[in-house]
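This briefing goes through a structure by topic, beginning with the contact between its chains and ending with the dimensions of one of them. Please keep the sequence and the 3D view at hand while reading.

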Amino acid sequence: MPLSVDDVRHIALLARLELTPEEETAFASQLDHILSHFERLKQLDTESVVPTAHILAIETPFRDDVVRNRPAVDSLLANAPERDNRFFKVPKIIE
Amino acid sequence: MAELYELTIDAAHHALAKRELLSVELTEAVLRRIEATEPHLHAFITVSADTALAQARVADERLARGDAPALCGVPIGIKDVILTRGIRSTAGSKILGNFVPPYNATVTQKLLDAGAVCVGKLNCDEFAMGSSTENSAYQVTRNPWNGERVPGGSSGGSAAAVAAGQCLGSLGTDTGGSIRQPAACCGVVGIKPTYGRVSRYGVVAYASSLDQVGPFGRSVADCAHILSTIAGHDPLDSTCVNRPVPDYRAALTGNLKGLRLGLPKEYFVEGMQPEVERAIRDAVSQLNALGAEVDDVSLPHTEYAIPAYYLIATAEASSNLSRYDGIKYGYRGQGEALLDMYKRTRAEGFGAEVKRRIMLGTYALSSGYYDAYYLKAQKVRTLIRNDFLAVFERCHAIVAPTAPTTAFPIGDKTSDPLQMYLEDIFTVSVNLAGLPGLSLPCGFDQHGLPIGLQIIGRPLEEETVLNVAHAYQQATEWRRTSRQHAVGSWQ
């Protein structure tokens, strides 16, 4: 099942990436090459194997839902590409 | 007369604690060394000279009062994926080109609390994705042993800086080998701790179930000092283990009597550089002579580690990198509406390798493919981990090569991404299994390039890993030679 340029366009949309036509073709070929190498995983019988989601046998640590720090608004907005007073300014979301 | 920047952390600490040396003197010497070598080496993205000297003055006051933790007054470099408050942190990417963090990573804070002096932020592959530091959006760091060769990656700057005397120790991160492989390429020591041993809070995430922060040093003892400082439970990282941190330096007895080590047969592959194989086998003889027993063992699922790793890591990366959307921080591309802005921000802000991995991961998680790729890889991960646990029932640790080749020429592997991925063949299993792994120098090839020996331990048994490495290092000449040579080559 070679990866087509349409597949790449679909993935790019999911990943919120804009690709040039050259990139679409190059990525289709590279990803296909890489995924072919990964096909070998099918050789393994993993029917009764439990997937490893986390290495350690720890339980989710909880804490009380209490605010513990309040960074200054300016420090949080300092890296904003665009700001308006206490707000992050963004392009329109709804047409 | 040795230069101040050639001191180990051990030696510097003793001199600083006895007030025979001032941190300001040491820091100035290191900053001069950085200035002299950076035009060739390109290890730093940001040099923080002013804050370093201010930190050095504070450290000197502390040392004068008799308050002297091991790293107090010692110049350290920090990989640029680790956040440093007030100092630009880019993760090697243009998308964070002007990002100045409002907070410190926990590991940064621990270094600063111990009085360490941060001399700057070190170059790396973009978002820690790579094995050569060629994917940095800023510059390609050179290998201090040969300027035409890569320093390894992704923590290439961190390894090169220590090898060249630009700092006495550094921090890197390791997701699939990114501390161990550059340590091998640059002839220094690097350790990736057990997953969860060190906090990941404030570390730019690549693959959350694999990433770990770890130290580089010129000696195993130096790495032990840094690891003791940065390890420990952190309530800000829910994946951290809550276990006491041993005094790793004190654990370096050099005594290997009664230790059983395993040598995995699957780690000697076709296409491996013959000198690497020879050096590892010589190291095994040396370990025998030091009192350890070395047995042949098998890790049967080794050949499936690269596919499993690159599916899991890229899947997690595709999720972690979705936060770079131009909204709250970082680069923002043009776009009248939100979707256009997202797409252009990420197209313009990310490099090719990052895009490739995001797409691979997105595909592996997408509807219709999740079971065949991501879930399958997670199951294979269990098989790989079980291989190690079976060996560890008989052996205390495993010895192996770190990489199949020594440092390759810049540009050699950039045309075929898969070729680059295969450099990680001996390191990725350790991340998948969550185990501690270390690399230290064990020889040179015919071109004078360093070869790395890897030591892999049981979960949370960093002391054993460090002690085996320390015993080997004390008994061999590689460290002395490497310090002279790497430093001398930049006169």
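How many residues does the contact take from chain A and from chain B? In this predicted model, the contact takes 43 residues from chain A, and chain B gives 50 residues to it.

**Contact between the chains**
- On the side of chain A that touches chain B, at least two residues come from each of α1 (5-14), α2 (21-38) and α3 (73-77) of chain A.
- With seven residues, α2(A) supplies the largest share of that side of chain A.
- By residue class, the side of chain A that touches chain B comprises 29 nonpolar, nine polar and five charged residues.

**Nonpolar core**
- The largest nonpolar core holds 169 residues, and those that touch the most other members are B:Leu71, B:Ile76, B:Ala308, B:Leu311 and B:Ala469.
- Helix α9 of chain B, which covers residues 305-320, gives the most to this core, namely ten residues.
- Leaving aside residues up to four places away in sequence, B:Leu311 touches A:Phe38 as well as B:Ala364, B:Tyr373, B:Tyr374 and B:Ala377.

**Chain B as a whole**
- Chain B contains 16 helices and eleven strands, and its radius of gyration of 21 Å is close to the 23 Å that the globule rule gives for 491 residues, so chain B is as compact as a globular protein of that length.
- Taken along the principal axes, the box filled by the C-alpha atoms of chain B is roughly 60 × 50 × 45 Å.
- Of the 491 residues in chain B, 62% are buried.
- Among the contacts in chain B with a separation of 6 or more, 76% are between residues 24 or more positions apart.

Conventions: Residues numbered from 1 in each chain as written. Chains lettered and ligands numbered in written order. Predicted model: local features only at pLDDT ≥ 70, side-chain atom pairs only at ≥ 80, totals over all residues. Contact = placed C-beta atoms within 7 Å. Helix = DSSP H or I, 4+ residues; strand = E, 2+ residues; numbered from the N terminus. Nonpolar A, V, L, I, M, F, W, Y, C, P; charged D, E, K, R; others polar. Core = buried A, V, L, I, M, F, W, Y, C linked by C-beta atoms within 7 Å. Buried ≥ 20, exposed ≤ 12 C-beta atoms within 10 Å, placed from the backbone. Rg over C-alpha atoms; globule rule 2.2 N^0.38 Å.
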